[in-house]
Structure formats: C-alpha cells, structure tokens
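Hello,

Here is the structure I said I would pass on. Please open it first, then read the notes below it.

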Amino acid sequence: MVQQVQDAHPEDAIARRLRDLGFVPGETVRLVARGPFGGDPLLVQVGFTRFALRRNEAQRVSVEQEAAA
Amino acid sequence: MSTEALRIALVGNPNCGKTALFNLLTGSHQKVANYAGVTVERKEGRVHAPSGRQFHLLDLPGTYSFDATSPDEMITRDVCQGRYPGEAAPDLIVCVADATNLRLHLRFVLEVARLGRPVVLALNMMDAARRHGIKIDVEALSQRLGMPVVQTIAVRRGGAAALVAHLDDYAPAEAPQVDVDPGADIHAQVRELLAATVQMPAKRLRLDDVIDRWALHPVIGLGILAALMFLIFQAVFSWAEPIMDSIGAGVAWAGHWTTQALPAGSALRSLINDGIFAGLGTVLTFLPQILILFLFILVLEESGYLPRAAFLLDRMMFKAGLTGRAFIPLLSSFACAIPGIMATRSISDPRDRLTTILVAPLMTCSARLPVYTLLIAAFIPRRDVWGIFNLQGIVLFVLYFAGILSALAVAFVMKRLRRDKSEHALLMELPAYRLPNPRDVLYGLWLRVKIFMKRVGGIILTLTVLLWFLSSFPGPPAGATGPAIDYSLAGRIGHWLHYVFAPIGFNWQISVALIPGMAAREVAVSALGTVYALSGTDDVVASHLGPMIAHQWSLATALSLLAWYVFAPQCMSTLAVIRRETNSWRNVVIAAGYLFALAYVASLLTFQIARLFT
C-alpha cells in the first residue's frame with residue numbers, strides 16, 4: 001500500500017510522473033521481480049500495469065506492508 | 001466550416017493502440033509494435049466515412065500526462081492545447097484507452113476532458129478485455145464521463161466500425177458536456193469511476209505472470225536472452241545460405257545472358273558486367289540475411305519481449321550512464337541508426353538524449369550485414385564449435401557485441417567528461433505479451449524488401465556506375481602492362497589513399513571502395529565487386545567476390561576491415577539525421593570525428609596484432 005510519494009528535490013519531475021502513473025496514497029502496489037544485477041531495477045505492478053523502476057526512483061515511494069493475500 | 005474536413009486528433013497513453021487505430025482508419029501503414037514510444041512524431045491521414053464524409057486524422061505520440069517530460073510528449077501536449085506552431089487545436093479529440101488497463105488510462109482521459117474540448121473515448125483492445133473477463137458498463141461510463149464512448153479492436157479488420165459510425169454522425173455543434181471539477185483529485189475520480197462502471201475478474205494467475213517468472217528470472221532470464229540472440233545470428237548464416245547461393249547463381253546467369261551479344265572488350269559490356277552485375281549483384285545476394293534478421297526483430301517487437309530485455313540489461317546501461325529509455329532507440333538502431341536516432345525523442349533529459357544519439361551509430365545496423373557476412377564467409381571457416389554453434393555465427397555475434405560494448409564504453413566516457421550527476425530515470429512500462437500478427441510481420445518484411453530494392457536501384461546503382469566510370473577512365477596509355485584500372489582516376493586515388501590506410505592493412509582496392517561506401521555502407525561491397533571485376537581479366541560476378549578476396553587478402557586485412565566497419569561512420573544519412581535531431585553541426589563533427597578515430601585505432605590494433613599471429 002502506497003503511503004506517499006516524496007519529492008527528492010523541489011520541482012521533482014520524476015516524483016510528479018510517478019504520481020501520474022498511479023503511485024498515489026492508498027493504492028496497492030506489488031513487487032513482481034528484481035533485476036538480475038544487484039536487484040536493480042525493480043518491477044512494480046500498480047493496478048494492472050507493470051513498471052520498471054530503478055531503485056533511486058522507487059525510493060521516492062514509501063509503502064507499508066500489507067497482509068499477504 | 002462545412003467545406004473544411006473536420007480535424008481529429010488521436011491521443012492516449014503510450015502503447016494503447018493509437019497508431020494501430022490510425023492505420024485501420026486511414027489505410028496507412030505506420031509502424032506499430034508492442035512497446036511504449038513507437039510513435040514520436042505527429043502523423044496525418046485522411047479518413048473516408050461510408051457517407052462520403054472526410055476527416056483529417058492526426059496521430060500523436062502517446063503520453064501519460066500533459067505534464068510533458070520529453071520532446072515527443074510535448075508535441076502531443078502542444079497540439080491538444082492548440083499551441084503547436086502553425087496549427088489550430090483539433091476540432092475533436094479521440095482519446096484512446098486500453099480497456100484492459102483503465103486504472104492507468106482513465107486518469108489521462110480525465111486530463112484530456114479538462115481541456116474542455118469535444119472528446120470521444122475509444123475503448124481499445126476490447127477483445128483482450130473480454131478475454132480477461134473485464135466487464136465495462138459503457139453506458140454508465142459515458143454518462144459519468146459526459147462524453148461518448150465507443151468500443152474498438154484496432155488489430156482487427158472492421159474493429160473501428162463503431163468509431164467511424166460515430167464520427168460520421170458527429171456534428172461539430174455538440175458542446176463538450178464534460179462535468180469535471182478541476183480542483184478534485186483526479187485519482188479519486190478514477191477510482192470512483194472504476195468502482196461504478198467496471199467489473200474486474202477475480203484475481204488469478206495470468207499467463208503473463210507465468211512467462212515473466214521465467215523471462216525475468218535473474219539467471220534463467222539472462223540465459224533466455226543470450227540464447228535468443230545466438231539463435232538469431234546462427235539463423236542469419238545457416239538459413240540464408242541456400243537462397244543466397246541461388247540469387248548469386250541467378251545474377252551470374254543474367255549477367256552472362258545480357259552481355260553475350262555485346263562485343264568482347266567494349267565499354268558497354270564492361271559497364272554492364274563489371275559495373276552493374278558485379279557491383280549490384282553482390283549486394284543483392286544479402287537480401288535473405290537482412291530479411292531473416294528483420295523477421296526476428298519484427299516478431300520480438302510485436303511480442304512485447306523487448307522491454308523485458310531492457311529490464312534485464314538496465315543495470316549495465318545505468319553503469320554506463322545511459323538512461324533505461326535508451327534501450328529501445330539503441331535496439332532500433334540494429335535495423336538502422338536513423339529511426340533509432342529519431343526514437344530518442346522519448347528520452348526526456350536533453351543530455352541523455354544526446355549521449356544516446358552519439359552512440360547509436362555503434363549499434364550494428366542492417367547495412368553492415370553484407371560487409372560482415374561477405375568477409376566472414378570468405379575468411380572464417382564453417383566449423384562447428386561445441387557441436388551446436390557455427391564459428392561463422394559466433395564471429396558475427398562477437399562483432400555485434402563489440403558494437404554494444406563500445407557504445408557502453410563511449411557513453412561511460414561521455415558521462416565522465418561532463419561530470420554528470422543528474423538522475424537517469426527509467427520508469428518504463430512493461431506491456432502485456434501479445435502473439436505477433438503474421439500479416440503485420442509479413443507486411444513489415446515486404447516493406448524491408450522494398451526499402452532494400454530502392455537502395456539497390458537508387459543510391460547503390462548510381463554510385464556503382466559512377467565508380468565504374470572513375471575506374472575505367474582515363475584508359476591506360478599505349479604499351480601499358482598492368483590492369484587498366486591502375487591508370488584510371490579511381491586507381492590513382494586508391495593508390496594515394498593507400499598511404500593512409502596501409503598501416504591498418506587495407507590494400508588500394510579497399511581504399512577505393514571506402515569512398516562510395518561513405519554514402520551507404522553496402523555500397524562498399526558493390527564497389528569492391530566492381531573494382532575487382534575491372535582489375536581481373538575474367539568476368540567476375542556476384543558469386544565470385546568472396547572466393548576472390550579470400551585468395552588475395554590476408555586474414556589480418558579481413559579482420560581489420562571488420563573492425564573498421566564496427567566503428568566507422570560510413571553513412572551520410574545518419575550524420576544528416578544527427579544534424580536534424582540535435583540541430584547542431586558541432587555534434588555531427590563530434591560524432592564523425594570520434595567514430596573515425598575509433599575505427600582507425602581499432603583497425604590498426606587488429607591488423608598489427610593479427611599479423612603477429614598469422
């Protein structure tokens with residue numbers, strides 16, 4: 001469950017885009033896969049869409065663990 | 001107003017099928033594939049409705065939001081807001097949304113609705129939505145959105161009938177009835193809409209998840225990727241050979257048949273035999289290989305696998321300082337650097353975009369394939385390695401890999417040079433897998449045949465004939481003993497250039513062939529065909545060039561020429577596109593300069609080292 005998306009710096013275009021893509025408070029996200037080298041990038045599913053995010057992008061999204069369904 | 005055709009724009013999220021819909025509506029054949037960011041330009045077409053009414057249709061690059069972050073998204077934003085230079089805002093916006101992915105796409109639909117212009121929503125991929133068990137109450141959705149909603153299946157013939165019928169009945173007087181409060185939270189609205197109008201199936205394991213579990217697995221996924229690439233290079237060699245041989249034989253026969261009536265030793269006979277058949281025929285034999293390469297590229301593009309490959313390799317690109325978005329442009333560059341460089345428009349950061357443009361020519365484009373395979377077939381023995389691989393295929397794989405590695409290295413150096421600390425965003429959507437449509441793949445191949453034949457009949461023919469003239473005139477003085485070409489203009493130029501190229505092992509024939517090869521890479525092959533045909537006494541035609549050079553060149557020379565072709569910017573059109581896309585001659589000079597320098601150094605090293613061992 002997404003808590004919020006933080007701006008890493010003012011006018012953070014990446015954070016804004018993340019919110020546009022559906023990373024908004026209350027939305028459920030699921031980690032689908034990790035990249036082969038150092039676990040980067042991450043594959044995150046939000047709704048029915050899967051996005052590849054590099055770790056520094058994903059760090060902007062703070063989440064809280066949900067009970068495993 | 002009534003005489004003017006209604007102007008309609010297609011907008012929507014990336015990869016929702018706007019261009020497929022555009023093709024279906026206008027009967028055109030714009031490129032479509034299964035990944036985000038295929039369309040980076042605005043394209044225009046005409047729609048003829050059954051009533052005879054005509055519409056002016058505009059296809060726009062996909063975007064997630066009007067809050068544009070890259071050049072292609074800005075085009076869409078500007079057109080929709082009526083700020084695009086020289087163009088009024090469209091009379092009607094057809095907002096295309098993927099029915100299987102409404103959670104994401106409806107957000108943009110609402111953003112479009114807020115423009116306050118007439119909007120129609122086209123729910124695309126309705127077939128896939130039904131298959132997934134997604135039920136959409138179209139009536140209710142239309143009512144709540146305050147805009148007409150039609151269902152479409154862009155990949156099926158007649159799949160846009162509902163949209164056409166709607167457009168046909170459309171009266172420009174219809175005022176936008178969009179009832180959205182600009183202050184409200186757009187995501188909350190989407191959720192509310194979804195809850196009221198869409199029935200999602202119970203969660204189950206989808207086929208995509210199963211495939212992705214293997215395809216994206218850290219070890220198995222990389223193994224699949226490597227195996228796939230290997231298969232492609234093996235196939236280029238082993239499948240194409242029988243067809244190539246018959247094309248070579250056909251050209252030889254045609255050359256013999258057309259010229260037998262002409263008097264031996266006449267200039268016309270020489271032009272046709274040595275110029276056209278020896279030159280063009282040699283290039284022509286490589287068509288099957290190019291088609292096999294494209295068969296794989298097209299199938300991979302349609303399937304949705306490419307973004308997965310980007311996901312697996314992203315870490316390497318990140319280390320080199322490239323954005324993950326650079327993967328698709330670089331991959332397109334394997335076909336040709338020109339669409340690759342155009343595709344960089346989907347990269348938001350201007351410096352990232354420039355880096356990608358500058359390294360794109362290092363990706364092995366299909367025009368290099370004739371040069372590579374000519375040399376490999378002539379010099380590398382057909383030997384099995386570990387029982388399953390063919391040594392020739394391995395060498396080809398290595399050449400492609402050398403291009404990729406050097407692109408990464410160059411990107412890394414560029415990043416160091418400008419001490420770049422900016423962030424490189426990836427944010428890439430992984431589309432659902434799709435079975436490639438055989439009709440689209442066949443059409444794509446046919447397009448390739450046409451492009452190739454146009455090149456052969458156009459630039460390659462022109463340069464080959466020109467080279468024949470330069471290589472035949474002036475004629476040798478009376479009493480000369482050597483081949484006539486030694487005394488010709490091209491022969492002399494070749495001998496001068498030889499001083500520059502001797503350290504890297506090129507003989508004067510290669511040096512001559514490199515000049516017309518500047519215009520297009522394959523021309524070097526046809527030029528070699530012509531030059532050798534003129535320096536020999538026999539009628540050398542297409543199928544003989546390989547054995548001929550295998551006999552005359554050392555292995556070191558052949559390897560050095562291969563190394564040259566990995567780097568050398570032997571393509572005027574690429575340089576012209578760099579100029580157009582970056583709007584600066586400086587970047588063209590940088591690109592050409594560093595590529596030539598790399599080519600010379602790489603060939604020098606290859607030649608000198610290879611000489612030590614042979």
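The charged end of Arg308(B) is placed over the ring of Tyr433(B), at 4.0 Å from the ring centre. Bear in mind that this is a predicted model.

Over all chains, the search of the whole structure gives 15 aromatic pairs. One of them joins Tyr532(B) and Trp553(B): the ring centres are 6.5 Å apart and the planes stand at 50°, so this pair is tilted. Tyr532(B) belongs to helix H22 (residues 523-535) of chain B, while Trp553(B) is in the loop between helix H23 (545-552) and helix H24 (555-567) of chain B, so the pair ties together parts 21 residues apart in sequence. Are these two residues buried or exposed? Tyr532(B) has a relative accessibility of 1% and therefore counts as buried. Trp553(B), at 5%, also counts as buried. Elsewhere, one aromatic cluster is formed by Phe501(B), Phe506(B), Trp564(B) and Phe596(B).

In soluble globular proteins, nonpolar side chains tend to be buried together. The largest core here contains 131 residues, and Leu396(B), Trp553(B), Leu561(B) and Trp564(B) have the most contacts inside it. Helix H18 (residues 391-417) of chain B gives this core its largest share, twelve residues. What does Leu396(B) touch, leaving aside residues up to four places away in sequence? Its partners are Phe233(B), Val236(B), Phe237(B), Leu369(B), Tyr372(B) and Ile376(B). Another core, of 37 residues, lies apart from the largest one; Leu106(B), Leu110(B), Ala113(B) and Val149(B) are among its members.

Then there is the contact between the chains. Chain A contributes 33 residues to it and chain B contributes 40 residues. Together the two chains bury about 3300 Å², and 54% of that is on carbon and sulfur atoms.

Last, the confidence in chain A. Its average pLDDT is 79, and 80% of the residues score at least 70. Among the elements of chain A, the lowest mean pLDDT, 67, is that of strand E1 (residues 2-5), and the highest, 87, is that of strand E4 (residues 49-53). Where pLDDT is low, the predicted coordinates should not be read in detail.

Regards

Notes. Residues numbered from 1 in each chain as written. Chains lettered and ligands numbered in written order. Heavy atoms only, no water. Phe/Tyr/Trp six-rings, centres within 6.5 Å; stacked < 30°, edge-to-face > 60°. Helix = DSSP H or I, 4+ residues; strand = E, 2+ residues; numbered from the N terminus. Buried < 20%, exposed > 50% of the residue type's maximum accessible area, 1.4 Å probe, protein only. Lys NZ or Arg CZ within 6 Å of the ring centre and 35° of its normal. Core = buried A, V, L, I, M, F, W, Y, C linked by side-chain atoms within 4.5 Å. Contact = heavy atoms within 4.5 Å. pLDDT = per-residue confidence, 0-100. Buried area = accessible area lost by both parts, 1.4 Å probe.
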